[in-house]
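Please keep the structure in view while reading.

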Amino acid sequence: MNNKIISIHHLRGIAGLFVVFFHFRGYLNGPYAQKDIGSILFNSAAFGVDLFFMISGFIIALSTQKQTTSLVFGIRRFFRIYPAFIVVFAVGALSVYSVEPIENLIRAMLFIHRDYSIESPGFGYNVLGPAWTLTYEIYFYFIFAIAMSISHKYRTLLTSTILLVQIFSIQYAFNGHISISGAASADVPYDNPAFSLLRFASSPILIEFVIGMVIYEMFSRFSFNLGRGIGTFVFFVSLGFFTTHYFGGRFSGFGLDKAGVISLVILVGYLIYERSTGIKEYASLNFLGDVSYSIYISHYLFINLLGFYKPEFFAQANGISKFIMMTSITLTAGTLLHYLIEKPMIRIGKSLETRMKRAPELQIDKA
């Protein structure tokens with residue numbers, strides 16, 4: 001399977017932008033005759049989180065199809081995620097988040113949720129808002145690295161087994177039953193020494209990474225070229241299902257019983273469409289895919305910064321003008337963050353990876 005899956009790249013950008021719109025929806029509520037227009041348009045836009053998790057499972061399996069070590073994999077993920085995050089965190093910690101308790105700042109920096117006694121999957125979220133999802137990403141990477149060190153060939157099977165067994169065994173041990181609901185998690189007694197870890201590790205949201213890996217395995221092993229006509233039909237059926245339930249609100253919320261449903265449908269539909277008919281690389285969607293992580297991790301900071309300091313240009317804007325202004329600020333800052341921090345750090349990670357691969361060769365040459 002080609003390392004560049006256009007549909008996946010496009011969907012990653014769309015998912016990131018919709019999460020931004022979800023958090024900006026309040027700017028549209030109130031000024032117009034239809035008082036809840038922001039909620040009507042973007043109340044279900046948080047589906048981008050579920051879609052991100054599935055895409056992550058797919059991409060991690062795809063990007064490791066060639067033999068690699070767990071150490072190299074860890075270095076790639078570190079330079080992909082942490083530098084951009086730490087820049088946004090530093091700006092926030094020195095400004096609007098300076099009023100936060102030091103414990104919350106430390107937990108945010110270490111990707112630990114605020115409070116594991118609160119409902120899954122957010123567990124009180126993170127000071128940086130959407131950064132709560134990075135806790136799940138990093139945990140998935142950790143389990144994947146362990147599985148890959150055991151067997152590269154069966155890395156997705158081992159990762160899926162570990163995640164599913166831990167989720168359902170912990171839930172059953174403490175609840176007496178299992179659930180895939182996004183809000184489900186083991187009812188662990190607060191005085192349990194492993195309370196936080198058990199609550200987190202039993203969250204069914206982790207299954208969405210498994211789904212992403214399963215989709216990768218299916219599309220890498222089997223032919224889904226249904227022909228242009230059928231592929232187009234499948235895509236529009238999936239798009240219709242997605243749009244209907246996106247605006248219907250039936251699957252609004254996190255988890256496989258909610259936004260995971262419409263995320264899975266549009267992901268599979270788009271992949272089948274690409275396999276059957278091909279997809280052009282549109283510059284705008286490619287750009288969104290490139291900067292998706294940067295806009296995702298930074299946009300919540302702008303909500304808090306401008307909402308806290310209330311500069312005149314922000315206070316005077318209203319409705320659609322404020323929505324467009326905030327989107328423009330996010331895309332501009334996200335682009336700068338991507339090109340000035342994210343991309344250079346990824347290059348540094350790749351350079352370090354190359355040096356590590358060459359080290360054994362140099363030792364042999366010297367011998």
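The model shown here is predicted. Ile112 has a relative accessible area of 34%, so it counts as partly exposed, a class that lies between 20% and 50%.

Ile112 can take part because its 34% passes the cut-off of over 30% relative accessible area for patch residues.

## The largest pocket

The largest pocket holds about 1400 Å³ of space. Its lining consists of 44 residues. Nearest the centre are Arg12, Ile59, Ser63, Arg77 and Arg80.

Several helices contribute to this lining: α1 (6–24), α3 (47–63), α4 (70–93), α6 (132–150), α12 (283–309) and α14 (319–366) each give at least two residues. By residue class, the lining of the largest pocket has 17 nonpolar, 13 polar and 14 charged members.

## The second largest pocket

The second largest pocket has a volume of about 500 Å³. It is lined by 31 residues, and those closest to its centre are His23, Gly122, Tyr125, Trp132 and Phe254. Two or more lining residues come from each of α1 and α12.

Which classes of residue line the second largest pocket? The lining divides into 18 nonpolar, 9 polar and 4 charged residues.

Note on methods
Residues are numbered from 1 along each chain as its sequence is written. This is a predicted model: local features need pLDDT of at least 70, side-chain atom pairs count only at pLDDT 80 or more; totals for chains, interfaces and linings use all residues. Side-chain values use heavy atoms; hydrogens and water are left out. On a 1 Å grid over the protein atoms alone, a cavity is a set of points where a 1.4 Å probe fits but cannot get out, and a pocket is an open set with protein on both sides within 12 Å along at least five of seven lines; lining residues have an atom within 4 Å of a point. Grid points are joined across faces, edges and corners, and a volume is the space filled by probe spheres set on the points. Helices (H or I, at least four residues) and strands (E, at least two) are DSSP runs, numbered from the N terminus. Ala, Val, Leu, Ile, Met, Phe, Trp, Tyr, Cys and Pro count as nonpolar, Asp, Glu, Lys and Arg as charged, and the others, Gly among them, as polar. Buried means under 20% relative accessible area, exposed over 50%, partly exposed in between (1.4 Å probe, protein chains only).
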